[in-house]
Amino acid sequence: MLTLTENEFGLLRGLIENECGISLQIDKQYLIENRLTNLMIQSGCDNFGDFYQQATKNINAELRDKIVDAITTNETLWFRDQSPYDTLAKVLFPDFEKNSRSCKIWSAACSTGQEPYSIVMTAFENTTTSWAKSKLQLVGTDISSSALKLAESARYNKIAISRGLSEQYKTKYFDVDGAIYKLSSRVKDLVKFQKFNLQNSFTGLGQFDIIFLRNVAIYFAHDFKVELFKKIANALNPGGYLFIGSSESLIGYSDAFKTVQYERCRYYQLK
C-alpha cells in the first residue's frame, strides 16, 4: 500500500473537510490510505499528490463525491443504543397520538436506512396503525450516494439484518428472498430519502418535530458544530426534539435546547 506523505495528508484532509465537514486528526492518516488507495489507483494516479490534483480540478466533482463516499463512516445497526427508541415508544409517540398531532422526523446521516426504518417500526409497535400511516412522516438524508442507494432499496443481507434486529421483527417486517431480506412496504413507504450535505442550507428540507443527528457531529470541527446545531434549532418546530449520540453533548456548541431525561436516554428539547 502506498504511504501518504505529511503534505499529501494535509491536502487531502483539507479537501475532505471542505467537501463534507469531516475533520480528520493527524492520527487518521491510515484511514485515508486504507479507504482511498484503490480509488487513487482506479483514477490512474501514481501517488496521493497526483490524486489530490486530479480531484481538485473543476471537472472532477464526480471524483470528489467518490472520495466523500469512501471516507464517510457508514457504521450503523438496527435500534442502535435502544434508549432513543424507548423514548419515542413510551414518551413522544404517545403524546403526538393522544393529541392527534402529525410528527415529521428527520434522520440526518441515515446511512443505509436502519435508523429511520427502526423509527417507523417503533411507531407501528407502540401506536395505532392509523396514526402511524396518516400522521408519521420521515426524511432520511446522507451524503453517501452508495449508502442511500441501499437505504432506498430496503434490501439487506444476513449480516446487516442480524445487527440489532430481533427474530420477531425479522419475521414481522421482512420477507426473505434467497439470501436477502426485503423490508415490508408499509415501513419502507413512510421514509423518503435524499442526498444532502450538512454544510448546505437546511431551508429546502422544511421543518421537523424530531431530528436524529446521532454519532455524526463527533467527526466535525468545533466551528462547524456550532453552526450545525444553530441550523438544527432553526429547522425544528417550536418545542421540537433533538437526539444525538449517547457519548455526544451540546455543551459548548448550543444553548438553544434544554436537556430532557427519560430512563437512560438524554435528549434535547428546543427552548
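Visitor: In which strand is Trp106 found, and what makes a run of residues a strand?
Guide: Trp106 is found in strand E1, residues 103-107; the helices (H or I, at least four residues) and strands (E, at least two) are DSSP runs, numbered from the N terminus. This is a predicted model, in which local features need pLDDT of at least 70, side-chain atom pairs count only at pLDDT 80 or more, and totals for chains, interfaces and linings use all residues. Residues are numbered from 1 along each chain as its sequence is written, and side-chain values use heavy atoms, with hydrogens and water left out.

Visitor: Why is Trp106 called buried?
Guide: A residue is buried when its relative accessible area is under 20%, exposed when that area is over 50%, and partly exposed in between (1.4 Å probe, protein chains only). Trp106 has a relative accessible area of 0%, so Trp106 counts as buried.

Visitor: Which residues does Trp106 touch?
Guide: Contact means heavy atoms within 4.5 Å, and, not counting residues up to four places away in sequence, Trp106 touches a set that includes Val139, Phe196, Leu198, Phe208 and Ile232. The C-alpha atoms of Trp106 and Leu236 are separated by 9.7 Å, although these two residues are 130 residues apart along the chain.

Visitor: What makes a group of residues a nonpolar core, and how many residues has the largest one?
Guide: A nonpolar core is a set of buried Ala, Val, Leu, Ile, Met, Phe, Trp, Tyr and Cys residues joined through side-chain atoms within 4.5 Å. The largest one has 49 residues, and those with the most contacts inside it are Phe51, Trp106, Leu198, Ile232 and Leu242. Among the elements that each supply at least two residues of this core are helix H1 (6-20), helix H12 (222-235) and strand E8 (236-243), and H12 gives the most to this core, with 6 residues. Apart from this core lies another, of 43 residues, among them Ile105, Ala132, Val187 and Phe243.

Visitor: How do you know that Tyr267 is buried?
Guide: The relative accessibility of Tyr267 is 3%, so by the cut-off given above Tyr267 counts as buried. Tyr267 is found in strand E10, residues 265-270, and its contacts, not counting residues up to four places away in sequence, include Thr87, Tyr241, Leu242 and Phe243. Thr87 is found in helix H5, residues 83-98, and counts as buried because its relative accessible area is 0%.

Visitor: Why is the pair of Tyr241 and Tyr267 called tilted?
Guide: Rings of Phe, Tyr and Trp (its six-membered ring) pair if their centres lie within 6.5 Å, and planes under 30 degrees apart count as stacked, over 60 as edge-to-face and the rest as tilted. The structure holds 17 aromatic pairs. The rings of Tyr241 and Tyr267 have their centres 5.9 Å apart and their planes at 50°, so the pair is tilted. The pair links distant parts of the chain, with Tyr241 in strand E8 and Tyr267 in strand E10, 26 residues apart.

Visitor: What makes the pair of Phe79 and Tyr85 edge-to-face?
Guide: Phe79 and Tyr85 stand at 70° between the planes and 5.2 Å centre to centre, and this pair is edge-to-face. Both Phe79 and Tyr85 are buried, and one aromatic cluster includes Phe79, Tyr85, Tyr241 and Tyr267.

Visitor: Which ring does the charged end of Lys104 sit over?
Guide: A charge sits over a ring if NZ of Lys or CZ of Arg is within 6 Å of the ring centre and within 35 degrees of the ring normal. The charged end of Lys104 sits over the ring of Phe208, 4.8 Å from its centre, and that of Arg186 sits over the ring of Phe124, 5.1 Å from its centre.

Visitor: Why do strands E3 and E4 stand at the edges?
Guide: Two strands pair if DSSP finds at least two bridges between them, and 3 strands form an open sheet in the order E3-E5-E4, with antiparallel pairing. Strand E3 (155-156) and strand E4 (174-177) each have a single partner strand, so one side of each is left without a neighbour in the sheet. E3 and strand E5 (residues 180-183) pair over 2 bridges, and Lys182 in E5 is the bridge partner of Arg155.
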